[in-house]
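Open the model in your viewer and get ready to select residues.

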Amino acid sequence: MNPFKIPASFVAALAAFSALGATIADAADKTLTIYTYESFTSEWGPGPKVKAAFEKTCGCTVNFVSVADGVALLSRLKLEGAGTKADVVLGLDTNLITEAKATGLFDASGVDTSGLKVPGDFKDDVFVPYDYGHFAVVYDTQTVKTPPTSLKDLVEGDPKQKIVIEDPRTSTPGLGLLLWVKSVYGDKAPEAWATLKGRVLTVTPGWSEAYGLFTKGEAPMVLSYTTSPAYHMVSENTDRYQAAAFSEGHYIQIEVAGLLKNAPDKALAQDFLKFMVTTGFQDTIPTNNWMMPVATTSEPLPDAFGKLVNPAKTFLMSPDEVARNRKAWIDEWLAAMSMN
């Protein structure tokens, strides 16, 4: 006889406690890996706030993995293939979704996007839109006294007045400018690029590098967004940097996120995509990503957003058209810019 025999009720209680501890540990060990772009995860970008807000609800750790810009995201996914460790990719745009779907790496989001406010009523069962903005030439009013009033003005203007642009092979703004020029100039785009080349100070891999050079005074103009001046008005209390309104119209960017088919934790990834269209995420967009939200925010937008350029016309090619022509148009750009 064992005088130290443990009662069955105590054994059951101990087992239950151990199981609860294991469940808590499992929850704490859950990691959501999100591929995105550098400006999203910067200390002033929305990433840190998004991470903190979602981690409060998910019992998980959000791990951001960032590359220079949106096009580089797609390139990385193609390189990694089905072996990618990503659960979610955040930072592609509508210009890339046909190519992204063709990889076979994405699955339906499972998110109801019917209530979102997106220009052109964009809807997709795979990719969830989270913000949008029109591309624009942003200029320094202390240096540029007569900003370009059209794409033609930009192309044919004084070559001494430089602009920094982004590479369409790696950057969604760079691709946006490529499509903007193609939308306006059509078959004459190569000639337009050859002329504009004289005004281009440099071509950067992504937006962050380009805008950094601009704000450091390396060039008086940069390819950015109509919303960019809001940052300077709200955060720096200055009207110094403005966007030029172009008479032909402006090309729009709609940014999206998608769920990877082989996501290590698909349910957690879907929860994040659903979270993206709530105020917890959307509140970070106007004054951290400096873009327009696609859903209601808990507070009205700052007054600065009412002072921004409102394009008279919006350009947006279909994802299929971009997929069919992107390589050829980039080759055309390389030849015109003599960068191949």
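What volume does the second largest cavity have? About 40 Å³. Keep in mind that this is a predicted model.

**Stop 1: the second largest cavity.** Select Thr113, Leu116, Val118, Asp121, Phe122, Lys123 and Pro129, which line this cavity. Colour them by class: four are nonpolar, one is polar and two are charged.

**Stop 2: the largest cavity.** The whole structure holds two cavities of 30 Å³ or more. The largest has a volume of about 50 Å³. Select its lining: Leu178, Lys182, Ala189, Trp193, Trp329, Glu332 and Trp333. Helix 7 (172–185), helix 8 (189–196) and helix 14 (319–337) each give two or more of these residues. Helix 14 has the largest share, three residues. Five lining residues are nonpolar, two are charged and none is polar.

**Stop 3: the largest pocket.** Now turn to the open spaces. The largest pocket has a volume of about 440 Å³. Select Ser39, Trp44, Trp207, Tyr211 and Trp290, the closest to its centre of 23 lining residues. Next show helix 7, helix 9 (207–215), helix 10 (228–235) and helix 13 (285–289), which each give two or more residues to the lining. Which helix gives the most? Helix 9, with six residues. The lining has nine nonpolar, ten polar and four charged residues.

**Stop 4: the second largest pocket.** About 170 Å³ of space lies here. Select lining residues, including Tyr132, Gly133, His134, Met292 and Phe305. Strand 5 (residues 127–140) gives the most, three residues. By class, the lining has six nonpolar, five polar and no charged residues.

Conventions:
Residues numbered from 1 in each chain as written. Predicted model: local features only at pLDDT ≥ 70, side-chain atom pairs only at ≥ 80, totals over all residues. Heavy atoms only, no water. 1 Å grid on protein atoms, 1.4 Å probe; cavity = no way out; pocket = protein on both sides within 12 Å on 5 of 7 lines; lining within 4 Å. Points joined across faces, edges and corners; volume = space filled by probe spheres on them. Helix = DSSP H or I, 4+ residues; strand = E, 2+ residues; numbered from the N terminus. Nonpolar A, V, L, I, M, F, W, Y, C, P; charged D, E, K, R; others polar.
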